[in-house]
Amino acid sequence: MLRMYDALPAYLGGKRKLVARIFRHLPCPAEAPVFADAFLGGGSVSMYAKARGYSVRCNDIAERSVIIGKALIDNSQVTLSEHDVMRLFVPHPEAGTFARDHMAPDVVTPSHAAPLDNAMAWARATEGPKGQLYLLLCVRYLLSQRPMGNFGAKTIVHQMAEGEYDEVNPAYLKDCVQRMVLQHPLKVAKKLARKGNLGVFANGLEHETWHGDALDFCRNVRADIVFWDSPYAGTSSYEREMRPLDEMLAGHTIEPVKSRFSKADSLQFLEELFVAAEHIPVWAMSYGGPAIDAETLQQMMGKYRRDVKVEAHKYAHLAALASAESKKKNVELILIGKGQP
Ligand SMILES: C[S@@+](CC[C@H](N)C(=O)[O-])C[C@H]1O[C@@H](n2cnc3c(N)ncnc32)[C@H](O)[C@@H]1O
């Protein structure tokens, strides 16, 4: 896997293992210089596009993703030094207590919640790319404290906080003790920052991160290629799965509002995306989940593009958690549409 990806958080539904297959169907930057990513997510597709030499326009409705865009796609120069990381540990006069009050001990242990509160205050007070890199560091810090990088398991964090190591599932014990108990928060942050810097690079072009609905983005962005990797119809929503992270960034509790793309009847919204992107010559889409098959999707895109190719790839989302049965069913469809009808 590419080293630049060490800078990205593990992201539900991220496409880092599929990017090379997607891009081999796309025109090169000399022919199609501007690449638009309407659902940025964990950033793996936009980062790959930047590394390939495209000028990237990326977008997401969620701040958790927009931070990635601003810190690593738009920003081509600024990195975090050791000194920058140490500053996050100097007590900030306006540090809140949200992580301590609402996230410990379900999401993080109290000894990691306190530095997160302080670092979030520094991140919010720092302007420009460095502030975005700080925010991204907080996001990755939080995820580094989660067993398997998601927000499911609470019990292990309680056990770590209480020192009940004998109760912990032996498969996770060593790793969790290492990350949640033994390592000092400053050491965790420095290591994450070093890896984060691997995602900062230039390709000589300007890039832009937008924060909003994919439909508005598609209508208004000027690009040669658009890529869609929306949430899948009828699946658990990002807003629900990522709630603790979104709450940390908001600094208050949130009642999640499910994206319409996650709803069971969301296929109509894919058509709306197609209409909104009429002016963009080349379309690429990655899609999966229980609600759709390759033929239906090809027909839908075929109404708007003359030449539509579909490839099906076996792709296990959250491979560590998926059952053998669901892994077998996990197929990701890649569609490429070219030429107006
Ligand atoms: C499957 S993920 C994208 C993964 C990404 N391609 C990657 O490789 O990491 C889908 C993303 O769509 C975003 N999203 C959901 N509804 C949206 C909307 N209406 N407009 C824009 N983004 C949306 C979610 O926040 C999530 O980050």
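Domain bounds here come from an automatic or database domain assignment. On that basis, the chain splits into domain 1 (3-76 + 202-338) and domain 2 (97-197), and their C-alpha centres sit 27 Å apart. You're looking at a predicted model, where local features need pLDDT of at least 70, side-chain atom pairs count only at pLDDT 80 or more, and totals for chains, interfaces and linings use all residues. Residues are numbered from 1 along each chain as its sequence is written, and side-chain values use heavy atoms, with hydrogens and water left out.

**Where the domains meet**
- Domain 1 brings 23 residues to the contact and domain 2 brings 22, with contact meaning heavy atoms within 4.5 Å.
- About 2,000 Å² is buried between domain 1 and domain 2, and carbon and sulfur atoms give 76% of that; buried area is the accessible area (1.4 Å probe) that two parts lose on being put together, summed over both.

- Glu63 pairs up with Arg124 in a salt bridge, and their closest N and O atoms are 3.1 Å apart.

**Domain 1's side of the contact**
- Helix H3 (63-74) and helix H13 (243-250) each supply at least two residues of the side that touches domain 2; helices are DSSP runs (H or I, at least four residues), numbered from the N terminus.
- H3 gives the most to this side of domain 1, with six residues.

Note on methods:
Salt bridge = Lys/Arg side-chain N within 4 Å of Asp/Glu carboxyl O.
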